[in-house]
Amino acid sequence: MTVVQRLDNVCHVIMGQAPDGTSYNDRGDGLPLLAGPGDFSEGVPRAKKWTSAPTKRCLAGDIVLGIRASIGAKALADREYCLGRGVVGLRPKAGLDARYLWHWLTTIAQELAAKGRGATFKQVNKEDVGELRLALPPIDEQRRVATILDRADSLCAKRRQTLAHVDELAQSVFLDMFADSDARWPRVCVADLVDNDAGGARTGPFGSQLLHSEFVDEGIAVLGIDNVVTNKFTWAKRRYVTHKKYASLSRYTVHPGDVLITIMGTCGRAAIAPDDLPTAINTKHLCCLSLDRRQCLPEYLHSYFLLHPLARKYLSQKAKGAIMSGLNMQIIKALPVALPPLSVQRSYVERKNHLDLGVRRACASQSDELQTLFASLQQRAFAGEL
């Protein structure tokens, strides 16, 4: 018989608490700290700090749930951890299977996130978590459902691993072709490769040239860090300016095939503007490069910037701060580039496109289908339809 229970009736809810600020270390003294969802990676704890004065603790086998920022993100504790303010520990009581709880938490993540409150970032409290309602069949049925969902989840994970291997293969192709290219081909700098008639190298408008209050719901697109941060161009939050405003900012136009590099916030990411890009400009957070394609192909420079040992060494030397916080247009323009002939660049692009447009697209499509089926299976499982 299935009964509906509050989560805190069937599970210990352990709210995290920040340790004393002087207790943090990276030497492994004390317990690893899970301060928030940023210390999780695909369901696995990845603690960045340790504390010699642990406060709230979880045990191996407990589920750690994010309650700030990425509300609903979760990890399975593989040992004892100190819990910070951004997480809560969940320890099932007798009669609740931990794997059943793990899968159920996925289905209610949006419901929990909707309870979030706060101006700077959203968060939920112990009552928000504890009052969640869980349909609880007998323990043997819970285990049967969890086993089915574990198997389905394993298939999805294998497909994600395949996608990761495709990305690694694409990187290997580049390194095999070009890792020692600085010794074989002439060295130039990025400034030598841009087409100044098409805009050359430029950042977006600064200061009063473009204010947040001037963004509108439709018009000319404005590109920022979120369009580039994954190292592939993606449409994220849409921002626009009016056509009238664009007329005064047209020198910041981004063209299809331009290479975009983040220089503020999350620095050092790069993407290529797609062929179907509508009229758009970039913000001051991006450096935009319009290349002379008689010398250099965008796909080559994009991969070179992200992967080539010469580029990585140069950027690590020039960047100021912990995460390339000092990147600017002058550093990028002076970046040394080992420039192979166009025929060699084209050969690389063909191989890369085969992986991206052929193998990777097929894998991604299968992964999306599996994830959709898995989500449907989860919903059916907790509706008692399995």
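How many bridges join strand S9 (residues 63–66) to S10, and do they run parallel or antiparallel?

Mentor: Keep in mind that this is a predicted model. Strand S9, residues 63–66, is joined to S10 by 3 bridges, and the two run antiparallel.

Now widen the view. S9 and S10 belong to an open sheet of 4 strands. The order is S2-S12-S9-S10, and the pairing is antiparallel. Strand S2 (11–15) and strand S10 (74–76) are the edge strands. Each of these two pairs on one side only. On average, neighbouring strands of this sheet are turned by 25° against each other, direction ignored.

Next comes the helix. Helix H2, residues 98–107, packs on the sheet. H2 touches S2, S9, S10 and strand S12 (87–92). The direction of H2 makes about 165° with that of S10.

For another strand, turn to S16, residues 220–223. In a regular strand, side chains alternate between the two faces of the sheet. Here Ile220 and Val222 point one way, Ala221 and Leu223 the other. All of them are buried. S16 pairs with strand S17 (residues 240–241) in the antiparallel sense, over 2 bridges. In that pairing, Ile220 has Val241 of S17 as its bridge partner. S16 is also joined to strand S21 (residues 280–282) by 3 bridges, and these two run parallel. There, the bridge partner of Leu223 is Asn282 of S21.

Conventions:
Residues numbered from 1 in each chain as written. Predicted model: local features only at pLDDT ≥ 70, side-chain atom pairs only at ≥ 80, totals over all residues. Heavy atoms only, no water. Buried < 20%, exposed > 50% of the residue type's maximum accessible area, 1.4 Å probe, protein only. Pairing = 2+ DSSP bridges. Axes fitted to C-alpha atoms, helices over the stretch in contact; angles between N-to-C directions. Contact = heavy atoms within 4.5 Å.
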